[in-house]
Amino acid sequence: MEAKPSRREQILEAAAELFARYGFHGVGIDDIGAAVGISGPALYRHFRSKDGMLAEMLTGISDRLLHGGQGRVAAAADAHTALDALVRWHVEFALTNPALITVHMRDLDSLAEADRRKVRELQRGYVEVWVEVLRRVRTDLDEPTARAAAHAVLGLINSTPYSAHLGTGSMSDLLHRMALNALSAPAAVPGG
């Protein structure tokens with residue numbers, strides 16, 4: 001049985017939905033409060049500001065992706081299994097969190113500089129998990145090519161909020177196949 005989300009988690013979820021729909025700057029504190037059945041000012045018992053909500057939201061998802069990816073790689077029997085687990089992890093995340101993906105892509109620049117740096121640091125760590133696994137699977141790839149491939153596949157998967165025209169199961173299967181096929185394709189010859 002799944003634990004009931006905390007009030008803080010409920011607020012972040014409602015804020016993510018509103019930010020995804022209207023943009024960070026298009027949503028007021030009263031809008032978020034109304035979405036969870038409290039007054040806007042009551043949100044200050046949970047968060048220091050609307051900016052604080054966005055910072056926690058974006059650092060939270062980046063941290064969750066990094067640690068989830070690391071855990072899946074650590075549990076995998078070999079590099080191929082680890083790559084499959086990473087792809088499945090990110091596909092599942094993207095399909096179950098389209099609002100967070102949208103907010104991240106659109107509103108990251110609304111964060112204060114220190115918070116943006118923290119999110120970027122976590123993201124770099126997550127990409128490096130992919131790079132390390134990909135280079136174990138594809139020994140022909142140098143680090144820059146593996147990094148570019150990881151970014152490209154994450155971009156493909158993260159496009160889900162804009163391209164999910166299939167049911168969740170079918171979309172998951174499609175993204176999984178596409179990502180693994182893309183990562184298995186021979187590297188292009190630079191300048192060729």
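**Overall architecture and helix packing**

From the N terminus on, the elements of the protein run α-α-α-α-α-α-α-α-α. The model is a predicted one, and its secondary structure amounts to nine helices and zero strands. The C-alpha trace spans about 55 × 35 × 30 Å along its principal axes. Of the 192 residues in the protein, 44% are buried. When contacts between residues at least 6 apart in sequence are considered, 68% of them join residues at least 24 apart.

The largest nonpolar core holds 61 residues. The members that touch the most other members are Phe-19, Ile-32, Met-53, Met-57, Leu-58 and Trp-130. Two or more residues are given to this core by each of helix H1 (7–22), helix H2 (29–36), helix H3 (50–75), helix H4 (79–96), helix H5 (98–107), helix H6 (113–137), helix H7 (143–158) and helix H9 (168–184). In soluble globular proteins, nonpolar side chains tend to be buried together.

Helix H1 has 16 residues, and the distance from its first C-alpha to its last is 22 Å, close to the 22 Å expected at 1.5 Å a residue. The buried residues in H1 are Ile-11, Leu-12, Ala-14, Ala-15, Ala-16, Leu-18, Phe-19 and Ala-20. An α-helix has 3.6 residues a turn, so residues three or four places apart point the same way. The cover over the buried residues of H1 includes H2, H3 and H5. After H1 comes Gly-23, which has a positive phi, near 85°.

With neighbours within four places in sequence left aside, the contacts of Leu-58 are Val-103, His-104, Asp-107, Leu-108, Leu-111 and Val-119. From Leu-58 to Arg-88, 30 residues apart in sequence, the C-alpha to C-alpha distance is 21 Å.

Leu-66 has a relative accessibility of 10% and therefore counts as buried, the cut-off being under 20%. Residues up to four places away in sequence not being counted, Leu-66 touches Leu-122, Gly-125, Tyr-126 and Val-129. Leu-66 and Asp-30 lie 36 residues apart along the chain, and their C-alpha atoms are separated by 32 Å.

The axes of H4 and H7 are 9 Å apart and the two helices pack at an angle of about 30°. The crossing in which H4 passes H7 is right-handed.

Key. Residues are numbered from 1 along each chain as its sequence is written. This is a predicted model: local features need pLDDT of at least 70, side-chain atom pairs count only at pLDDT 80 or more; totals for chains, interfaces and linings use all residues. Side-chain values use heavy atoms; hydrogens and water are left out. A nonpolar core is a set of buried Ala, Val, Leu, Ile, Met, Phe, Trp, Tyr and Cys residues joined through side-chain atoms within 4.5 Å. Buried means under 20% relative accessible area, exposed over 50%, partly exposed in between (1.4 Å probe, protein chains only). Helices (H or I, at least four residues) and strands (E, at least two) are DSSP runs, numbered from the N terminus. Contact means heavy atoms within 4.5 Å. Axes are lines fitted to C-alpha atoms, for helices over the stretch in contact, and angles run from 0 to 180 degrees between N-to-C directions. A crossing is left-handed if the near helix is turned anticlockwise from the far one by less than a right angle, and right-handed if clockwise. The expected span of a helix is 1.5 Å times one less than its number of residues.
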